[in-house]
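Below are some notes for a colleague who is coming to this structure for the first time. They are arranged as numbered points, and each can be checked against the structure as it is shown.

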Amino acid sequence: MPGKKGIHFGGGNIGRGFVAEFLHNSGYEVVFVDVMDNLIETLQKTPKYTVTEIGPDGETTFTIDNYRAINSKHEMDKVIEEIATADTVTCAVGPNILKFIAAPIAKGINNRKKSEPLAVIACENAIGATDTLRGFIEKELSEETKANIKDKARFANSAIDRIVPIQPEGSGMNVMIEKFYEWCVESKPFEPASPPDIKGVHYVEDLQPYIERKLFTVNTGHATAAYYGYNKGKQYIHEVLEDKELHDIVQNVLKETAHLITQKHDHISTKEQQDYVQNIVKRISNPVLKDNVERVGRAPLRKLSRKERFIGPAAHLAEMGEKYDCLLGSIEMCLRFQNVQGDEESAELAKKLKSMSAKEATQDITGLEPNHPLFNDVQKLVEKVQGESK
C-alpha cells in the first residue's frame with residue numbers, strides 16, 4: 001500500500017520549516033507547489049534539507065527528505081493529478097494568494113481518484129483562511145462535485161503559531177525556526193471519520209478562541225514591538241523589548257487584548273491569559289532569533305484591515321465600551337510605517353495617506369464604517385500622521 005501524500009502550496013520558510021516538517025515526521029511524502037522558478041529548481045536538485053529549531057535550551061536539527069517539487073506556472077496538469085491522489089492539501093502562501101491556488105485544488109477535487117475525501121487546511125495568519133479558500137474553490141467546482149462535496153473534500157480552518165526569523169546568509173533550503181509551535185485545526189469537519197494523522201497538530205472542536213487568542217496576542221504584540229521599534233530606530237525585536245519604555249508599551253497593549261479575550265471566551269481564565277501573554281513576550285524577546293523589525297512590520301495595509309490584529313480587537317473593545325487607548329498607539333505607529341524598502345504595502349499606505357482625505361483613508365484602510373464607535377479616534381490618528389508628513 002502506498003504511503004500518505006501531502007500537497008503543500010508555498011515552498012517558503014513556513015512551508016519547508018513548519019508544515020513540511022510535521023508532514024514528514026508523520027510519514028507523508030510532501031509535494032511542494034510554487035511559482036518561483038529558482039525555488040522549485042533548487043528544491044528539485046536538493047534531495048534533503050535541514051530544519052534547525054532554536055530554543056532557550058539550545059538547537060536541535062532535523063533532516064527533511066522524501067519530497068518532490070512542482071512549478072505550477074509550467075506544470076499545472078501535474079499539480080492537478082497530484083491533488084487528485086493526495087491525502088492532504090495545505091498552504092502557506094499569504095491570504096492574498098488564496099484565490100490563485102483555488103483553481104488547481106478545485107480541478108484536483110473534481111478528478112479525485114482516492115475514495116477518502118481530501119483534507120484541505122490553510123495555514124495562514126488570517127481568521128477563517130480555509131473558509132476563504134473554500135469560497136474560491138467552490139466557484140471552480142463542477143455541479144456534480146458540489147453535490148457530493150463531503151465525499152470528495154473536507155475543509156478545516158487552522159491557527160498556526162511559530163516564528164521564522166530572517167535566515168542566515170547562504171542557508172539554501174535549510175530553515176532556522178523557533179522551537180515553540182502551535183498548530184490547532186478544527187476537528188468537526190472530518191466527522192464521523194478521524195482527522196488526518198499529523199503529529200503535533202492539536203485538533204479542537206471550537207477553533208475561534210485559539211485563533212483570536214493567537215492573533216490578538218502573538219500577532220498584536222509582535223507587530224506592536226515592530227512598529228514602535230521601527231519608529232525608534234531599533235533593528236531587532238529583542239532590542240525593542242530590552243528598552244523598558246517600549247517593553248511596557250507592548251505589555252499595556254496586550255493587557256487590553258487580554259481583557260477582550262477573557263471577556264469573550266469564558267473558558268480562558270485571566271491567569272491563563274496572563275501566563276500566555278508573558279510566554280509570548282518571552283518568545284519574541286529571544287535574541288537568538290534576531291528578528292528584524294522591518295520583516296515583522298511588512299504588509300501594514302493587511303495588518304490595519306478590519307479583522308486584523310489592531311482594528312479587530314480595538315473595534316470589539318469599542319463596541320463593549322472598554323478601553324483601547326494603547327491599541328490606538330499601535331495603530332498610529334503602523335500608519336507611520338511608510339515607504340520601507342522592499343515592502344510594497346508600505347509604499348501603497350503612503351500613497352493612500354497622501355491622496356485621500358482623513359475620512360476616506362480611515363474607511364479605505366481599516367474597513368470601519370463612519371458610524372462605528374472606533375472610527376473617530378482612528379480618523380484623528382490618520383489626520384495627525386497626514387499633517388506631519390506634509
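1. In these notes a residue is called buried if its relative accessible area is under 20%, exposed if over 50%, and partly exposed in between, using a 1.4 Å probe and protein chains only. The model is a predicted one, in which local features need pLDDT of at least 70 and side-chain atom pairs count only at pLDDT 80 or more, while totals for chains, interfaces and linings use all residues. Residues are numbered from 1 along each chain as its sequence is written, and side-chain values use heavy atoms, with hydrogens and water left out.

2. Helices (H or I, at least four residues) and strands (E, at least two) are DSSP runs numbered from the N terminus. With those terms in hand, helix α14, at residues 311-320, is mostly covered, since 7 of its 10 residues are buried. The buried residues of α14 are I311, G312, P313, A314, A315, L317 and A318, and they pack against α8, α10 (244-264), α15 (325-335), α17 (358-366) and α18, where contact means heavy atoms within 4.5 Å. Just after α14, G321 has a positive phi of about 75°.

3. The UniProt record, an unreviewed entry, places the feature "domain: Mannitol dehydrogenase C-terminal" at residues 206-364; its positions are given in the numbering used here, feature names are shortened, and annotations may be inferred rather than shown by experiment. Over residues 206-364 the chain is 72% helix and 0% strand, with its end C-alpha atoms 32 Å apart.

4. How do helix α8 and helix α11 pack? Helix α8 (residues 208-231) and helix α11 (residues 270-284) pack at an angle of about 35° with their axes 10 Å apart, the axes being lines fitted to C-alpha atoms, for helices over the stretch in contact, and angles running from 0 to 180 degrees between N-to-C directions. The contact is made by R213, K214, T217, V218, G221 and H222 of α8, together with E272, Q273, Y276, V277, I280, R283 and I284 of α11. By class, this contact has 5 nonpolar, 4 polar and 4 charged residues, where Ala, Val, Leu, Ile, Met, Phe, Trp, Tyr, Cys and Pro count as nonpolar, Asp, Glu, Lys and Arg as charged, and the others, Gly among them, as polar.

5. Two buried residues deserve a look. L207, in the loop between β12 (202-204) and α8, counts as buried because its relative accessible area is 3%. Leaving aside neighbours within four places in sequence, L207 is in contact with N157, S158, A159, C184, V185 and E186. Q386 lies in helix α18 (residues 375-388) and is buried because its relative accessibility is 8%. Not counting residues up to four places away in sequence, Q386 touches L353, M356, S357, A358 and A361.

6. An open sheet of 6 strands has the order β5-β2-β1-β6-β7-β8, with parallel pairing; two strands pair if DSSP finds at least two bridges between them. The edge strands, each pairing on one side only, are β5 (67-71) and β8 (153-155), and the twist averages 20° from one strand to the next. Within this sheet, β6 (residues 88-91) and β7 (residues 118-122) pair in the parallel sense over 4 bridges, and the bridge partner of C91 in β7 is A122. Helix α1 (residues 13-25) lies across β1 (4-9), β2 (28-34) and β6, and runs at about 155° to β2.

7. Strand β3 (residues 49-55) and strand β4 (residues 58-64) pair in the antiparallel sense over 7 bridges. They form a hairpin with 2 residues between them, and T52 stands opposite T61 in β4.

8. Most residues other than glycine have a negative phi, and most peptide bonds are trans. N66, in the loop between β4 and β5, has a positive phi of about 55° although it is not a glycine. K290, in the loop between α11 and α12 (293-297), likewise is not a glycine and has a positive phi of about 45°. A cis peptide bond, with omega about 5°, joins E191 and P192, and P192 lies in the loop between β11 (182-186) and β12.
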